[in-house]
Amino acid sequence: MESSTASGGLARFNTLDESAALAVLHEVCASRAWAERLVAARPYAGDGDLYAESDAATAALTTADLTEAMAGHPPIGRPKPGDATSSREQRGMAGASAELRAEMLELNLAYQEKFGHVFLVCATGRTGEQMRDAVRERIGNPAEREREIVRTELGKINRIRLGRLVADEPPGTAGG
């Protein structure tokens, strides 16, 4: 895998008590089954081991677990007030025109009506237009195909968030 010794952040994570570890993982992914699996597999020798376990846990999520995970994500273009993570991840929508924001709202609602859950995409590094294009493209998918795309996107999001969790800086000191 990647590093054979735990980084400072990973070492801290490895030593958290179970309830604290579950709490920090809940900030990464709202699926309890995902978090419990990652906590049970500790300690991790390196970041790569943590990412591999996250990928395996994401792949193993049931439909109900996936629904629970998606419930922790706000719609694109409407990050949770006061939530630095969703605001940072959706930064590409920050300077979007009123027209693009209105279109995203309309597309989000149509997507949610069709699939019964929020449109989930790994928004980090994407422009507002790229996010809009993604929802336009995916809204025509059959439900089974879309569920697998959502699972893939969730895995990408979880990896990015885990990377922040295990960064060498103590929590609260890293820039966003």
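Modeller: Helices (H or I, at least four residues) and strands (E, at least two) are runs assigned by DSSP, and they are numbered from the N terminus. By that rule the order of elements from the N terminus is α-α-α-α-α-α-α-α-α. The count is 9 helices and 0 strands.

Colleague: What should I keep in mind about where these values come from?

Modeller: This is a predicted model, in which local features need pLDDT of at least 70 and side-chain atom pairs count only at pLDDT 80 or more, while totals for chains, interfaces and linings use all residues. Residues are numbered from 1 along each chain as its sequence is written, and side-chain values use heavy atoms, with hydrogens and water left out.

Colleague: How do you know whether the radius of gyration agrees with that of a compact globule?

Modeller: The radius is taken over C-alpha atoms, and the globule rule is 2.2 Å times the number of residues to the power 0.38. For 176 residues the rule gives a value near 16 Å, and the protein has 17 Å, so the two agree. Along the principal axes, the C-alpha atoms fill a box of roughly 45 × 35 × 25 Å.

Colleague: What makes a residue buried?

Modeller: Buried means a relative accessible area under 20%, exposed means over 50%, and partly exposed is in between (1.4 Å probe, protein chains only). Buried residues make up 42% of the 176 residues here.

Colleague: Why is Leu38 called buried?

Modeller: Its relative accessibility is 0%, so Leu38 counts as buried. Leu38 belongs to helix 3. Beyond the residues up to four places away in sequence, Leu38 touches Leu25, Tyr44, Leu50, Glu53, Ser54, Ala57 and Leu162. Touching, or contact, means heavy atoms within 4.5 Å.

Colleague: Which residues does Glu53 touch in turn?

Modeller: Glu53 sits in helix 4. Not counting residues up to four places away in sequence, Glu53 touches Arg37, Leu38, Ala41 and Tyr44.

Colleague: What kind of peptide bond joins Arg42 and Pro43?

Modeller: A cis one, with omega about 0°. Pro43 lies in the loop between helix 3 and helix 4. As background, most peptide bonds are trans.

Colleague: Why is Ala60 called partly exposed?

Modeller: Ala60 has 49% relative accessibility, so it falls in the partly exposed class. Ala60 is in the loop between helix 4 (47–59) and helix 5 (63–70). Leaving aside neighbours within four places in sequence, Ala60 is in contact with Arg37 and Arg151.

Colleague: How do you know where the buried residues of helix 5 fall, seen down its axis?

Modeller: The buried residues in helix 5 are Asp65, Leu66, Ala69 and Met70. They fall within an arc of 135° and therefore line one face of the helix. The arc is that of the directions from the helix axis to the C-beta atoms. An α-helix has 3.6 residues a turn, so residues three or four places apart point the same way. The buried residues of helix 5 pack against helix 3 (32–40) and helix 9.

Colleague: Which residues are buried in helix 8?

Modeller: In helix 8 (residues 128–138), they are Gly128, Met131, Arg132, Ala134, Val135 and Arg138. Their arc around the axis is only 160°, which puts them on the same side of helix 8. Their cover includes helix 7 (98–115) and helix 9 (143–165).

Colleague: What makes Glu129 partly exposed?

Modeller: Its relative accessible area of 40% gives Glu129 that label. Glu129 is also in helix 8. From Glu129 to Leu100, 29 residues apart in sequence, the C-alpha distance is 7.6 Å.

Colleague: How many side chains are positive and how many negative?

Modeller: There are 21 positive and 26 negative side chains. Lys and Arg count as positive and Asp and Glu as negative, while His and the chain ends are not counted. With each charge placed at NZ of Lys, CZ of Arg, CG of Asp or CD of Glu, the centres of the two sets lie 2 Å apart.
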